[in-house]
Amino acid sequence: MHIDIDTDVCIGAGQCAMSAPAVFTQDDDGFSTLLPGQENSADPMLREAARACPVGAIKVSETARP
């Protein structure tokens, strides 16, 4: 799967990092970012992390990108 984080929308609530800590973390300003190498993760909690985002900043698509 492919993960996109809309950094213009993210408010730093941290729900993604709590839902899928193997994939997401928060940067120094508290905003969502992917852990290195997780751009095309297959973590089973990805959809939950996207659903938990209060502003819908995370999009998960089935197609992995190079």
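Colleague: Leaving out residues up to four places away in sequence, which residues does Ile58 touch?

Modeller: Bear in mind that this is a predicted model. With that said, Ile58 touches Ile3, Asp4, Ile5, Cys16, Phe24, Ala49, Ala50 and Cys53, once residues up to four places away in sequence are set aside.

Colleague: And which residues touch the most other members of the largest nonpolar core?

Modeller: That core has 15 residues, and those touching the most other members are Ile3, Val23, Phe24, Leu46 and Ile58. The elements that give two or more residues to this core are α1 (15-19), α2 and β4, and α2 gives the most, with three residues. As a general background, nonpolar side chains tend to be buried together in soluble globular proteins.

Colleague: Back to Ala50 for a moment: where is it placed, and is it buried or exposed?

Modeller: Ala50 is placed in helix α2, and it counts as buried because its relative accessibility is 17%, where the cut-off for buried is under 20%. Apart from residues up to four places away in sequence, Ala50 touches Ile58 and Val60. Ala50 and Asp4 are 46 residues apart in sequence, while their C-alpha atoms are 9.7 Å apart in space.

Colleague: Switching to charges, how many salt bridges are there?

Modeller: The count comes to two salt bridges. In one of them Glu62 pairs with Arg47, the closest N and O atoms being 2.1 Å apart, and this pair links distant parts of the chain, with Glu62 in the segment after β4 and Arg47 in helix α2, 15 residues apart. Glu62 counts as exposed because its relative accessibility is 58%, whereas Arg47, at 41%, counts as partly exposed.

Colleague: Which side chains meet in a salt bridge at 2.6 Å, N to O?

Modeller: Those are the side chains of Glu48 and Arg51, which both lie in helix α2, three residues apart, or about one turn of the helix. Glu48 is partly exposed, with a relative accessible area of 29%, and Arg51 counts as exposed because its relative accessibility is 58%.

Colleague: Last topic, the surface: which residues make the nonpolar patch of about 220 Å²?

Modeller: Val9, Ile11 and Val55 make that nonpolar surface patch. Val55 lies in the loop between α2 (46-52) and β4 (58-61).

Colleague: Why does Val55 count as partly exposed?

Modeller: Val55 counts as partly exposed because its relative accessibility is 34%, and partly exposed covers what falls in between buried, under 20%, and exposed, over 50%.

Key
Residues are numbered from 1 along each chain as its sequence is written. This is a predicted model: local features need pLDDT of at least 70, side-chain atom pairs count only at pLDDT 80 or more; totals for chains, interfaces and linings use all residues. Side-chain values use heavy atoms; hydrogens and water are left out. Patches are made of residues with over 30% relative accessible area and no salt bridge: like charges are joined within 9 Å, nonpolar side chains (Val, Leu, Ile, Met, Phe, Trp, Tyr) within 5 Å. Accessible areas come from the Shrake-Rupley method with a 1.4 Å probe; for residues, only the protein chains shown count as cover. A salt bridge is a side-chain nitrogen of Lys or Arg within 4 Å of a carboxyl oxygen of Asp or Glu. Helices (H or I, at least four residues) and strands (E, at least two) are DSSP runs, numbered from the N terminus. Buried means under 20% relative accessible area, exposed over 50%, partly exposed in between (1.4 Å probe, protein chains only). Contact means heavy atoms within 4.5 Å. A nonpolar core is a set of buried Ala, Val, Leu, Ile, Met, Phe, Trp, Tyr and Cys residues joined through side-chain atoms within 4.5 Å.
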